[in-house]
Amino acid sequence: MDLRFTDAEAAFREEVRAFIRDRLPADTRERLRLGHAPRKEDTVAWQRILNAKGWAAYSWPKEHGGPGWSAVQRMIFLEENLLAPAPELLSFNITMIGPVLIQFGTPAQKARFLARAANLDDWWCQGFSEPGAGSDLASLKTSAKREGDEYVVNGQKIWTSTAHNADWIFALVRTNPQAAKRQEGISFLLIDMKTPGITVRPIISIDGSHHLNEVFFDDVRVPVEQRVGEENRGWDVAKFLLGNERTGIARLGKSRERVDFAKQIARETRAGGRALIEDEGFRQRVARLETEIKALELTQLRVVSAGGKRADGKPDPFSSILKIKGTELQQAATELVMDAAGPLAMPAWARELAALGGEPPPNEPVPGPDWAARAAVPYLFLRAASIYGGSNEIQKNILTKAVLGL
Amino acid sequence: MDFEYSDDQRMLADSVARLLSDRYTFDARRLYLKEGSGWSAALWEQYAELGLLGVPFAEAHGGFGGGAVDVMMVMEAFGRSLVLEPFLASVVLGGAALRHGGTAAQQAELLPRVIDGSLKLAFAHGERQARYDLSDVLTTAARDGAGWVLEGAKSVVFHGDCADRLVVSARTAGDRCDAGGITLFLVDAAAAGVARRGYALHDGMRAAEISLSGVRVGADAVLGPVDGGLALVERITEAGIAAMAAEMVGAMEAMHAMTLDYAKTRQQFGKPIGSNQVVQHRLAEMLVELEQARSMAMLAAMTLDEPDDAERARAISMVKLAVGQAARFVSQNAVQLHGGIGMTEEYAVGHYFRRAMVFEHSFGDSAHHLQRIAATVR
């Protein structure tokens with residue numbers, strides 16, 4: 001047993017770090033550092049830079065354009081990308097639809113979609129959740145009736161992240177309402193967002209951002225060749241998708257980057273007559289977080305290295321531990337940033353600024369230093385982290401069943 | 001990066017597990033507790049025969065030639081069975097003192113006897129006033145011809161009552177909490193002027209208060225550098241934390257397993273209590289904490305050989321904090337989910353609970369280590 005990175009792994013980290021340092025546009029990095037979400041063009045530009053390097057499809061097999069990395073390399077790559085901070089690869093493309101098509105897609109589907117997904121020529125989004133189907137995904141109602149060579153889709157999806165940016169949506173639809181088990185009547189369809197009958201409505205979240213949407217389907221006609229896997233076997237595809245590639249699920253780089261940012265704020269902020277970073281209470285919060293991050297780093301390595309050797313290819317239920325702890329840490333880290341900002345965390349200056357078209361009015365004082373405007377925004381946004389991707393309660397159910405056997 | 005155990009390590013773990021499952025049932029353990037020494041001399045001999053007492057020592061001394069990972073595996077197994085024998089005191093703490101501070105002559109004289117079990121060591125460092133401050137040493141050693149004479153008292157010395165040789169820290173220069181001026185000595189427990197009062201800790205493990213009045217030792221009793229012993233004290237303490245962290249992982253495993261088993265069998269309202277989601281999620285949370293602690297015990301084992309003192313100290317403090325928090329959560333909930341039976345002397349879970357309590361107060365509690373980590377925040 002040797003938990004240290006090998007020389008080759010350390011050299012790989014240096015290579016990734018150097019590449020990101022040299023090629024990540026400075027304005028993108030700065031926006032992310034200040035707590036902004038990446039703009040669509042930031043994400044597209046960065047993913048294309050990585051793709052040109054052969055790194056975007058980081059988890060795909062070599063024959064489909066992946067770099068052929070080990071699980072540890074993949075983890076290092078994701079971590080360095082988050083630490084930079086650089087925009088994350090669009091997970092819908094890279095960790096969801098790509099692997100799904102590689103596993104279940106027809107040769108025609110692979111040829112049509114894979115390379116474009118890697119290069120973000122197509123922006124994908126995920127049509128799973130519905131108003132009545134959240135954690136209980138199998139109760140979804142959106143229907144797809146077969147008419148000749150087409151399905152006619154009717155219904156509604158919700159919480160659809162980045163649907164307003166998307167060119168395509170992969171959606172779970174009910175093709176057999178009479179199936180004995182709910183899971184057995186579901187199919188997995190690829191739908192062009194430009195198809196007539198699709199309406200996207202924004203949902204503004206508590207951080208003021210437009211990230212989420214409702215997507216309505218009204219007699220949307222989808223060619224049968226855009227179904228992935230067999231009819232009524234879409235649940236298998238969905239299970240594969242949700243269990244696939246959990247390497248990055250803890251997003252530890254994000255938590256570390258946020259803790260570092262909180263420390264930077266604390267160095268520039270005075271509290272009780274000295275720099276906040278000198279405050280014992282603040283230091284202990286940092287110490288606690290850094291300890292938990294360290295522990296999860298090791299747990300992640302254990303899961304990753306076990307996963308690399310898993311023969312059955314099934315998702316490791318221990319990745320639920322990564323999801324639970326990882327999201328708790330992201331939330332705690334963004335909370336620390338917000339608390340470091342103190343009263344300057346309160347003004348919703350970022351919203352005002354957006355309403356003003358991004359330009360502060362002349363001769364008006366800006367409330368606080370550059371970090372203040374968005375100090376609370378990631379805190380607000382990341383309340384979602386323990387809800388999405390299978391809520392943390394669902395993760396505990398998974399552990400209960402799969403590990404504890406209760 | 002490699003999480004695999006070697007064949008030798010697997011064989012070691014198997015043989016320990018076999019021995020303990022045969023000889024360390026809960027009922028057997030309760031009998032060992034009642035022996036005069038508070039542990040089993042017969043088991044101690046078995047450990048020696050199996051080579052366990054030589055795990056961290058070089059083959060040249062008759063040891064197994066293992067490292068911190070091997071100790072971790074043994075301690076995990078010991079934690080699962082709540083082993084009472086003075087392995088931590090003699091092999092881990094005393095062993096670390098000799099490995100890091102002993103001269104070739106001291107090692108050659110003592111290690112073979114530690115390994116064959118005929119000589120037991122104890123680490124007599126803590127003092128009443130010191131709480132967790134490693135540099136707070138009032139016991140003195142004054143030069144006496146070529147040798148030294150020791151004066152003072154040591155407190156809560158693990159297995160100090162049965163040790164044959166004590167590793168005693170004493171101030172040879174400076175004031176109470178100075179980092180410099182501490183020296184370690186090997187003191188025969190039977191020497192004139194050594195008085196010991198042994199007692200049981202809450203978990204049944206033995207410890208002692210030890211007073212030293214006019215205890216004379218020769219020049220060859222000095223262990224490590226004169227006046228520079230604090231670094232050695234730190235290394236011994238780190239070895240203790242790493243070993244106990246692994247022991248706690250074993251203990252948490254056992255607590256989690258018995259609580260899970262209880263949740264599956266205990267019926268209330270006509271169904272197993274484990275069918276309640278609130279119980280299920282608690283058990284899932286205990287599992288998460290246990291696995292995080294396991295990761296940290298591994299980190300500890302890997303860190304003990306880290307040459308950078310500051311980095312090693314920070315990592316070990318993180319281990320103690322994380323495992324301490326996990327142990328508190330797991331042990332408290334293990335008792336809680338058992339209900340009344342968990343409160344009783346006759347049921348195992350409470351014994352693990354008490355071991356967790358002792359762990360928290362050994363080598364610095366969570367608050368102490370949190371402060372140490374916080375002091376390094378940049």
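## Where the chains meet

Let's start at the contact between the two chains, to which chain A brings 42 residues and chain B also brings 42 residues. Keep in mind as you look around that this is a predicted model.

The size of an interface is often given as the accessible area lost when the parts come together. Here chain A and chain B bury about 3,800 Å² between them, with 67% of that coming from carbon and sulfur atoms. On the chain A side, Met1(A), Arg302(A) and Leu404(A) supply 21% of the area buried against chain B, more than any other three residues.

## Polar links and the helices behind them

Between chain A and chain B, 17 residue pairs are in polar contact. Four salt bridges are found across the interface.

Which helices of chain A each supply at least two residues to the side that touches chain B? They are H8 (252-268), H9 (280-308), H10 (319-341) and H13 (392-402). H9(A) gives the most, with 17 residues.

## A helix to follow in chain B

Over in chain B, helix H7 covers residues 230-265, which makes 36 residues. From first C-alpha to last, H7(B) reaches 51 Å, close to the 52 Å expected at 1.5 Å a residue. Is H7(B) mostly covered or mostly exposed? Mostly covered: 28 of its 36 residues are buried.

## Domains of chain A

The domain assignment divides chain A into domain 1 (7-89), domain 2 (124-232) and domain 3 (252-402). Between domain 1 and domain 2 of chain A, the C-alpha centres are 30 Å apart.

Methods:
Residues numbered from 1 in each chain as written. Chains lettered and ligands numbered in written order. Predicted model: local features only at pLDDT ≥ 70, side-chain atom pairs only at ≥ 80, totals over all residues. Heavy atoms only, no water. Domains from an automatic or database assignment. Helix = DSSP H or I, 4+ residues; strand = E, 2+ residues; numbered from the N terminus. Expected span 1.5 Å × (residues − 1). Buried < 20%, exposed > 50% of the residue type's maximum accessible area, 1.4 Å probe, protein only. Contact = heavy atoms within 4.5 Å. Buried area = accessible area lost by both parts, 1.4 Å probe. Salt bridge = Lys/Arg side-chain N within 4 Å of Asp/Glu carboxyl O. Polar contact = N/O pair within 3.5 Å; in protein donor to acceptor, adjacent residues only side chain to side chain.
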